[in-house]
Amino acid sequence: SIVIKRGILSITSSVYDPLGIVTPFVLKAKLILQGLCRHKFGWDDPIPEENLKSWQAWLQELPKIKQLEIDCCFKPLNSEGTTSYQMHHFSDASQQGFGAVTYLRITDQSDAVKCTFVMGKSRLAPIKPVRIPRLELSAAVIAMRLDRISRNDLTLSITESFFWTDSPCVLWYIENLDKRFQTFVAN
């Protein structure tokens, strides 16, 4: 059968992932769609060969999602001895996309640590070129939103939240006291 943009969107959208566990995988399919939009292909136009190969490779990997196993229990077996619950948020960006992921770090009385995936979120970079520092700031915003969502939805007493980024620009913008930069970051 002929592969068209409408079919790619349908299959990509059918991947149900409310926690963002397979977000990096789905982002690859979204990049294929974005490339087709960038080149102004219609919804029912046949897909060019180079995009078709990428799409077929992605489709071959799709069934492997069923094999993915994530520990859904946040609390350790001996939760009476828990001393701290920390949220760790990692954000990053590239020319293709940006996103963040949240982990829960649990420490017990014997200093044993358990880390658990909580949720992730990603976005494609806009078709119109945007500079990396702006995308890094957008990723940091996603990390802040994940923190707010996690704190509201989890019934655990989160003691601290940590935000990790490899972008000196993000750190500079956040720490800068100049009013014009605060407005830029707030927006």
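Asn51 lies in helix 3, residues 49-61; helices (H or I, at least four residues) and strands (E, at least two) are DSSP runs numbered from the N terminus. The model is predicted, so local features need pLDDT of at least 70 and side-chain atom pairs count only at pLDDT 80 or more, while totals for chains, interfaces and linings use all residues. Residues are numbered from 1 along each chain as its sequence is written, and side-chain values use heavy atoms, with hydrogens and water left out.

Asn51 counts as buried because its relative accessibility is 16% (buried is under 20% relative accessible area, exposed over 50%, partly exposed in between; 1.4 Å probe, protein chains only). Leaving aside residues up to four places away in sequence, Asn51 touches Ile32 and Leu36 (contact means heavy atoms within 4.5 Å).

A nonpolar core is a set of buried Ala, Val, Leu, Ile, Met, Phe, Trp, Tyr and Cys residues joined through side-chain atoms within 4.5 Å. Two such cores are listed here.

| Core | Size | Residues, including |
|---|---|---|
| Largest | 18 residues | Tyr85, Met87, Phe98, Leu104 and Ile158 |
| Second, separate | 13 residues | Val22, Val26, Ile32 and Ile47 |

In the largest core, the residues named have the most contacts inside it. Strand 1 (82-93), strand 2 (97-108), strand 3 and helix 4 each supply at least two residues of this core, and helix 4 gives the most, with five residues. Among the residues that Tyr85 touches, not counting those up to four places away in sequence, are Leu104, Ile106 and Ile158. In soluble globular proteins, nonpolar side chains tend to be buried together.
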